[in-house]
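Welcome! Here is a short briefing to read alongside the sequence and the 3D view.

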Amino acid sequence: MTNLQERGHLLTEQVNPNSQNLDQLSSLELVEIFNREDEKAVAAVAAAKMQLAQAIERTAESLRHGGRLFYVGAGTSGRLGVLDAAECPPTFCTPPELVQGIIAGGAGALVRSSEDLEDRFQDGEAAIAQRQITQLDVVVGITAGGTTPFVHGAINAARQRGATTIFIACVPAEQVSVEADIDIRLLTGPEVLAGSTRLKAGTATKLALNILSTGVMVRLGKVYGNRMVDVAVTNNKLRDRALRILQDLTSLSREASGLLLERSGNWVKLALLMHWTGLDREQGLKLLSEYQGNLRVAVASHKNPS
């Protein structure tokens, strides 16, 4: 018989005293208890704000010097990492290799449960080796209960290769310890449905990953004000968003904004720079390149050359 590790002491596995009569509640009462408990997910993220800020700074610095960001997880945690990675290219026009999600079991595990594959420490190590991770890269291990061997294998291998490591779990460090550069604990407490970490723990993890990736992109200059000026104009919805950004920030008509967007090669950031500086496309590209794509700094440098 396999010797299973006892996990009942973990915060994410404990029984929630507020929902012990869950199967006796009305539908409205079910909604109300979920709503009350979900508020704890937001509070848990707020309690980890210093560590999240550290993660943003370290990750942005690594990516600025040619590194990549990897999320590693299994089950819900792995799917959340893959989701966040997949949303970076359309939102920030990043190359697909810049932010990547690694899930135990591979692509098939995104749509079909493969939770048994999370128990393989060596598979996590192999995933890091396969992607040739170096000291320039950042590896974020995500595991709600903190114990997933696949994630620990990946973190261990990443540390050996000199990568920056970030650990995200929903149990306190005294329950599960790990050696990582930044240790983020999202203490959401016992789930409404005992042990179902796709609930509060998953919600808090999604919030944290949203903050991390968006914060990094802000630091990398992919945002102007609160506008996604590096949006990939790949469908009608995103083209409409691009035009509205140009209209709002330049006071041009929709038609004139469309012409400006076309002249820029469908790059909102370049279109804004061209409009504000009078430079043509090639000159604008050169100026943006000089300032690592930071629109605000590039425009200021043109108006006030040192």
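## A first look at the chain

The mean positions of the 31 positive and 33 negative charges of the chain are 7 Å apart. Here Lys and Arg count as positive, Asp and Glu as negative, while His and the chain ends are not counted; each charge is placed at NZ of Lys, CZ of Arg, CG of Asp or CD of Glu. This is a predicted model, in which local features need pLDDT of at least 70 and side-chain atom pairs count only at pLDDT 80 or more, while totals for chains, interfaces and linings use all residues. Residues are numbered from 1 along each chain as its sequence is written, and side-chain values use heavy atoms, with hydrogens and water left out.

**Overall build**

- The chain has 11 helices and 5 strands, taken as DSSP runs (helices: H or I, at least four residues; strands: E, at least two) and numbered from the N terminus.
- Its C-alpha trace spans about 70 × 50 × 35 Å along the principal axes.
- Of the 306 residues, 46% count as buried (buried is under 20% relative accessible area, exposed over 50%, partly exposed in between, with a 1.4 Å probe and protein chains only).
- The accessible surface comes to about 15,300 Å², and carbon and sulfur atoms hold 50% of that surface (Shrake-Rupley method, 1.4 Å probe; for residues, only the protein chains shown count as cover).
- Among contacts between residues at least 6 apart in sequence, 63% join residues at least 24 apart (a contact means heavy atoms within 4.5 Å).

**The largest nonpolar core**

- This core has 35 residues, and those touching the most other members are Tyr71, Val99, Val140, Ile166, Ile184 and Leu186 (a nonpolar core is a set of buried Ala, Val, Leu, Ile, Met, Phe, Trp, Tyr and Cys residues joined through side-chain atoms within 4.5 Å).
- Elements that each supply at least two residues of this core include helix H1 (27–47), strand S1 (69–73), strand S3 (138–142) and helix H6 (200–219).
- H6 gives the largest share of this core, 7 residues.
- Leaving aside residues up to four places away in sequence, Tyr71 touches a set of residues that includes Val99, Val140, Ile142, Leu209 and Leu212.

**Salt bridges**

- There are 13 salt bridges in the structure (a side-chain nitrogen of Lys or Arg within 4 Å of a carboxyl oxygen of Asp or Glu).
- Arg68 and Asp137 form one of them, at 2.8 Å from N to O. Arg68 sits in the loop between H2 and S1 and Asp137 in the loop between helix H4 (121–130) and S3, so this pair ties together parts that are 69 residues apart in sequence. Both Arg68 and Asp137 are buried.
- Glu179 and Arg159 also pair, at 3.2 Å from N to O. Because Glu179 is in the loop between S4 and S5 and Arg159 in helix H5 (residues 149–160), they link parts 20 residues apart in sequence. Glu179 is exposed at 57% relative accessibility, and Arg159 is partly exposed at 34%.

**Two loop residues with positive phi**

- Ser251, a residue other than glycine, has a phi near 65°. Ser251 is in the loop between H7 and H8 and counts as exposed at 67% relative accessibility.
- Gln292 is not a glycine either, yet its phi is positive, about 50°. The loop between helix H10 (281–290) and helix H11 (295–303) holds Gln292, which is exposed with a relative accessible area of 60%.
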